[in-house]
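Subject: Structure for your review

Dear colleague,

Please find the structure below, followed by an account of what was found in it. I would be grateful if you could read the two side by side.

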Amino acid sequence: LGTSISRALQQMSNATIIDEKVLNECLNEITRALLQADVQFKLVRDMQTNIKKIVNLDDLAAGHNKRRIIQQAIFNELCKMLDPGKPSFTPKKGKPSIVMFVGLQGSGKTTTCTKYAYYHQKKGWKPALVCADTFRAGAFDQLKQNAAKAKIPFYGSYTESDPVKIAVEGVERSKKENCDLIIVDTSGRHKQEAALFEEMRQVSEATKPDLVIFVMDSSIGQAAFDQAQAFKQSVAVGAVIVTKMDGHAKGGGALSAVAATKSPVIFIGTGEHMDDFQVFDVKPFVSRLLGMGDWSGFMDKIHEVVPMDQQPELLQKLTEGNFSLRIMYEQFQNLLKMGPIGQVFSMLPGFSAELMPKGHEKESQAKIKRYMTMMDSMTNEELDSSNPKLITESRMMRIARGSGRQKKEVEEMFEEYKRLAKIWSKMKGLKIPKKGDMSAL
Ligand code: GDP
Ligand code: MG
């Protein structure tokens, strides 16, 4: 998605006469990209209509920064769509709050319940987990294991089959134990069916939750809107958590869930582990959805500080998308250089915060130099390949021996390589404006 939107905006900025036709072409391109990212068709159409109202063609024609104007308008519009206008209920410490989780089976409810509990526990809450899923065999064991790992009190039963009864007992007991964040995990069937919604309604009526959180798998695609709406119609959904954002899904379903539930997304799940959990932040999410993020700033910076004669070669490498170890080596060299080139490379997404976190520059530099020493022990074949499978166990051993490092350090270097290669591949095929074009904007 990122690339196709950037490309659409790029085409736009390369057009010399900007008129309605070009704007429409650009919007159509972005429409396609947003649909591919699972944003619901109706929402995309609404956005398109609004953008046309907002973007003033005369402004564009007057030669202001066209790309920026349109980009900003789309950005703002998507941010607005993710903001339902009212915050969700937030639990207060020391006062018992009941939070009920709903969603289809497999959406990530049980995992997310624990993440949510763990997140709040670290911030000083006293959470408790209640398993009101009597439908799925093993549901209680799953929650119990998760809870025990995080040392969170839990309540459930192997024999009781009435979810309402367990939920009520669990809530009562947790209150007696002075827990101030009582989390009720419910069952979810494979399909949206009457029995599931009836059960949810009953659990909700009996426990009177302060907040109902709808958990949605980000990979459900265009089904997001209908699914979210079906849950909202049965129980008073007040917040959304989108899971599996670490996978291939582009997350456009989040917009549908907000529209259907009129509730904000509060967290996203980014992995199977307890702390693969992030507070949802609208602006970075939209930046990512649009593929803007750091790239545009990075490009401006390249034109600003990289000597003209070095630009074509560098940009060529960036847009080829093939990230060999040799390219990583060269980029490390750049990163370690004093002055502007070093600065530019510290702006490269993936090279900056992760590789050289602020305040740890010394350690980071030492680490990068260590990686480079290991790469010095690699053959040309290894350096020029972008196939990680080439580097077998025995090659790793050889590289470790040759550079006087541990095999596990070599493995760490390859992990870093794979991580950077993934980010680098996003640059593939991107049309990068030449300096002249940029000033024409
Ligand atoms: P439930 O049926 O809704 O309770 O779903 P579970 O919590 O049992 O999760 C179903 C599967 O999704 C499990 O294998 C989880 O480990 C996995 N899962 C949940 N959240 C995430 C996430 O954010 N990322 C990834 N990669 N996997 C997740
Ligand atoms: Mg479950």
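A residue is called buried here if 20 or more other C-beta atoms lie within 10 Å of its own, exposed if 12 or fewer do, and partly exposed in between, with C-beta atoms placed from the backbone. By this rule, 38% of the 441 residues of the chain are buried. The model is predicted, and for that reason local features need pLDDT of at least 70 and side-chain atom pairs count only at pLDDT 80 or more, whereas totals for chains, interfaces and linings use all residues. Residues are numbered from 1 along each chain as its sequence is written, while chains are lettered from A and ligands numbered from 1 in the order in which they are written.

Overall architecture

The chain contains 21 helices and 8 strands; helices (H or I, at least four residues) and strands (E, at least two) are DSSP runs numbered from the N terminus. Two residues are in contact if their C-beta atoms, placed from the backbone, lie within 7 Å. Among contacts between residues at least 6 apart in sequence, 75% join residues at least 24 apart.

A nonpolar core is a set of buried Ala, Val, Leu, Ile, Met, Phe, Trp, Tyr and Cys residues joined through C-beta atoms within 7 Å. The largest one has 76 residues, of which Leu129, Val130, Ile183, Val184, Phe214 and Ala257 touch the most other members. Leaving aside residues up to four places away in sequence, Ile183 touches Val99, Phe101, Cys113, Tyr116, Ala117, Pro127, Ala128, Leu129 and Val130. Apart from this core lies another of 17 residues, among them Phe323, Met328, Phe332 and Tyr371.

Helix H6 (residues 109–122) has 14 residues and reaches 20 Å from its first C-alpha to its last, close to the 20 Å expected at 1.5 Å a residue; the expected span is 1.5 Å times one less than the number of residues. Of its 14 residues, 11 are buried, so H6 is largely enclosed by the rest of the structure. Among the buried ones are Lys109, Thr110, Cys113, Tyr116 and His120. Just after H6, Gly124 takes a positive phi of about 100°.

H6 also gives the most to the shell around ligand 1, with 3 residues. A residue is near a molecule if its C-beta atom, placed from the backbone, lies within 6 Å of it. Of the 18 residues around ligand 1, Gly108, Lys109, Thr110, Thr111 and Gly269 come nearest. The shell comprises no nonpolar, 13 polar and 5 charged residues, where Ala, Val, Leu, Ile, Met, Phe, Trp, Tyr, Cys and Pro count as nonpolar, Asp, Glu, Lys and Arg as charged, and the others, Gly among them, as polar.

In helix H7 (residues 139–149), the buried residues are Ala139, Phe140, Leu143, Asn146 and Ala147. Seen down the axis of H7, they fall within an arc of 135°, so they line one face of the helix; the arc is that of the directions from the helix axis to the C-beta atoms. They pack against H6, strand E2 (127–132), strand E3 (154–155) and strand E4 (181–186). The face turned away carries the exposed residues Asp141, Ala148 and Lys149. H7 is followed by Lys151, whose phi is positive, near 55°.

In helix H17, Ile368, Tyr371, Met374 and Met375 are the buried residues. Seen down the axis of H17, they lie within an arc of 115°, so they too line one face. What covers them includes helix H15 (325–336), helix H18 (380–384), helix H19 (393–403) and helix H20 (407–424). On the other side of H17, Lys362, Glu363, Ala366, Lys369 and Asp376 are exposed.

Loop residues

Asp38 has a positive phi of about 75° although it is not a glycine. This residue lies in the loop between helix H2 (20–36) and helix H3 (41–54), and counts as buried with 23 C-beta neighbours inside 10 Å. Lys262, also not a glycine, has a positive phi of about 55° and is found in the loop between helix H11 (253–261) and strand E7 (265–269). With 13 C-beta neighbours inside 10 Å, Lys262 counts as partly exposed.

Yours sincerely
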